[in-house]
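Have a go at each task before you read its solution.

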Amino acid sequence: MDVDAFLDELRAAPDYAGQIVYVREVAPRAATWAPTAMPLSPGAMRMLKSRSIEQLYLHQAQAIDAARRGRDVVIASGTASGKCLCYLVPVVEMLTRDRD
């Protein structure tokens, strides 16, 4: 998809007139991988491997560690950055320990 062309279309559409007030391009950066403080449970490892996920991004590992400590977690990151795993891994681990 040509994002610039898409934005130009939106700007030209009468229904969107004046709604786009700021556009900022953020340069891509290399991924940062990290392990969790403690190894993942076997159930969480199986879930990740079944989806061909071999390692976690730094924000995922940090969020999982915080959730394991009982902390509230809010994640704000780009599309397709794996935010869902930040809560799914702790849920899978909890269900592995206590199926009720």
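**Exercise 1: the fold**

Task: work out which elements the protein has, and in what order.

Solution. Starting at the N terminus, the elements run α-α-α-α. That's four helices and zero strands, where helices are DSSP runs of H or I with at least four residues, strands are E runs of at least two, and numbering starts from the N terminus. Next, the spread: the radius of gyration is 19 Å, well over the 13 Å that the globule rule gives for 100 residues, so the protein is more spread out than a compact globule. (That radius is taken over C-alpha atoms, and the rule is 2.2 Å times the number of residues to the power 0.38.)

A quick note on the source: this is a predicted model, with local features needing pLDDT of at least 70, side-chain atom pairs counting only at pLDDT 80 or more, and totals for chains, interfaces and linings using all residues. Residues are numbered from 1 along each chain as its sequence is written, and side-chain values use heavy atoms, leaving out hydrogens and water.

**Exercise 2: serine 81**

Task: find where serine 81 sits, and decide whether it is buried or exposed.

Solution. First, locate serine 81: it's in the loop between helix 3 (58-68) and helix 4 (83-97). Then check the cover: serine 81 counts as buried because its relative accessibility is 13% (buried is under 20% relative accessible area, exposed over 50%, partly exposed in between, with a 1.4 Å probe and protein chains only). Across the protein, buried residues make up 23% of the 100 residues.

Last, the neighbours: leaving out residues up to four places away in sequence, serine 81 touches Tyr57, His59 and Gln60, with contact meaning heavy atoms within 4.5 Å.
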